[in-house]
Amino acid sequence: ATPPGFWKGDEELAWRQARASRRGVLVSFYASWCEACVLLERDTLADPDVRQAIRERFVPLRIDVTEETARSREQLERHGVYQLPAIVVIDTAGQPIDRIETYLSPEAMLSRLGKPDPAMARR
């Protein structure tokens with residue numbers, strides 16, 4: 001499992017930290033009933049190299065949608081998430097630059113996270 005404190009649970013706080021540190025936000029939608037979410041968490045997102053790659057460029061935000069609430073529905077809709085697992089990678093300008101909707105191995109995740117941030121390239 002990922003160490004305590006790795007994931008932010010508060011979306012507003014995550015965005016404040018991202019702006020202050022000039023990083024994007026990696027949003028992981030999670031539900032305990034989603035088998036692929038649990039495997040992704042256990043095998044890939046808990047990998048130390050993956051965690052380091054995420055932390056270097058992003059503020060990690062987990063949105064737990066295990067229970068369907070008005071808030072979780074709003075977050076899913078706003079991020080355009082219609083299936084789990086779902087990870088939305090958002091650049092420093094607040095634009096989605098990648099969407100991962102399947103289980104990925106640690107190696108495949110590292111490859112996806114290695115893509116450059118278009119907002120940083122324009123500076």
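Gly 24, Leu 26, Ser 28 and Tyr 30 point one way from strand S1, while Val 25, Val 27 and Phe 29 point the other way, and all of them are buried (under 20% relative accessible area, with exposed meaning over 50% and partly exposed in between, for a 1.4 Å probe and protein chains only). In a regular strand the side chains alternate between the two faces of the sheet. Helices (H or I, at least four residues) and strands (E, at least two) are DSSP runs numbered from the N terminus.

The model is predicted: local features need pLDDT of at least 70 and side-chain atom pairs count only at pLDDT 80 or more, whereas totals for chains, interfaces and linings use all residues. Residues are numbered from 1 along each chain as its sequence is written, and side-chain values use heavy atoms, with hydrogens and water left out.

S1 belongs to an open sheet of 4 strands, in the order S2-S1-S3-S4 and with mixed pairing; two strands pair if DSSP finds at least two bridges between them. The edge strands, S2 and S4 (96-100), each pair on one side only. From one strand to the next, the twist averages 15°. S1 and S2 (residues 58-64) run parallel and are joined by 7 bridges, with Ile 63 of S2 as the bridge partner of Phe 29. Strand S3 (residues 86-90) runs antiparallel to S1 and is joined to S1 by 5 bridges; here Leu 26 has Val 89 as its bridge partner. S3 and S4 are likewise antiparallel, through 4 bridges, and Val 89 has Asp 98 of S4 as its partner.

Two helices pack on this sheet. Helix H2 (residues 35-45) touches S1, S2 and S3, and its direction makes about 135° with that of S1. Helix H5 (residues 106-113) touches S1, S2, S3 and S4, at about 165° to the direction of S4. Contact means heavy atoms within 4.5 Å; axes are lines fitted to C-alpha atoms, for helices over the stretch in contact, and angles run from 0 to 180 degrees between N-to-C directions.

Not counting residues up to four places away in sequence, Phe 29 touches residues including Cys 37, Ile 63, Leu 76 and Val 88.
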